[in-house]
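Biologist: I would like to learn how to read a protein model, one feature at a time. Can we go through one together?

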Amino acid sequence: MAKKNEAEMPGNTNGFSVANFFQGTKEELEKVVWPSRKQLVSESAGVLLMVTLSASLIYLVDGLFGWVAQQVF
């Protein structure tokens, strides 16, 4: 459960404030833990490999079903 001071909104009753929006955005971006270059490259390579393997499997299964359909019809 969030602490009370973290859950409270600023006392702005006038609605949306651009200054508060950018201040809040800056505060949230400071909390982000950015990956190292090595981690970014290795995880990107993993994603590309999995996408390639998945697309290849779908292509092969589609080709098999197409061949079976031609033989039946």
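Biologist: How many salt bridges does a search of the whole structure find?

Modeller: Start with the general idea. Side chains of opposite charge can pair when their charged atoms come close. Bear in mind that this model is predicted. Searching the whole structure turns up 1 salt bridge. The partners are K31 and E28, and their closest N and O atoms are 3.3 Å apart.

Biologist: Where do K31 and E28 sit relative to each other in helix α2?

Modeller: Helix α2 covers residues 18-31, and K31 and E28 are 3 residues apart in it, so about one helical turn separates them.

Biologist: Are these two residues buried or exposed?

Modeller: To read this, look at relative accessible area: under 20% is buried, over 50% is exposed, and values in between are partly exposed. K31 has 58%, so K31 is exposed. E28 has 46%, so E28 is partly exposed.

Biologist: What is the overall pattern of the protein along the sequence?

Modeller: The protein has 3 helices and 0 strands. Along the sequence this reads α-α-α.

Biologist: Which residues does UniProt list as "transmembrane region"?

Modeller: An unreviewed UniProt entry lists residues 47-69 under that name. In the model this span is 100% helix and 0% strand, with its end C-alpha atoms 33 Å apart.

Biologist: Which residues form a nonpolar patch on the surface?

Modeller: The patch consists of L57, V61, L64, F65, W67, V68, V72 and F73, with about 910 Å² of accessible area together. Take V61 as one of them. V61 is found in helix α3, and its relative accessible area of 35% makes V61 partly exposed.

Biologist: How many aromatic pairs does the structure hold?

Modeller: There are 2 aromatic pairs. For each one, read the distance between ring centres and the angle between ring planes. F16 and F21 have ring centres 5.9 Å apart and planes at 45°, so that pair is tilted. F21 and F22 form a pair with 5.4 Å centre to centre and 70° between the planes, which is edge-to-face.

Biologist: Which residues do the ring pairs link into a cluster?

Modeller: They link F16, F21 and F22.

Note on methods: Residues numbered from 1 in each chain as written. Predicted model: local features only at pLDDT ≥ 70, side-chain atom pairs only at ≥ 80, totals over all residues. Heavy atoms only, no water. Phe/Tyr/Trp six-rings, centres within 6.5 Å; stacked < 30°, edge-to-face > 60°. Helix = DSSP H or I, 4+ residues; strand = E, 2+ residues; numbered from the N terminus. UniProt positions renumbered as here; feature names shortened; annotations may be inferred. Salt bridge = Lys/Arg side-chain N within 4 Å of Asp/Glu carboxyl O. Buried < 20%, exposed > 50% of the residue type's maximum accessible area, 1.4 Å probe, protein only. Patch = residues over 30% accessible without salt bridge, like charges linked within 9 Å, V, L, I, M, F, W, Y side chains within 5 Å. Areas by Shrake-Rupley, 256 points an atom, 1.4 Å probe, with all protein chains shown as cover.
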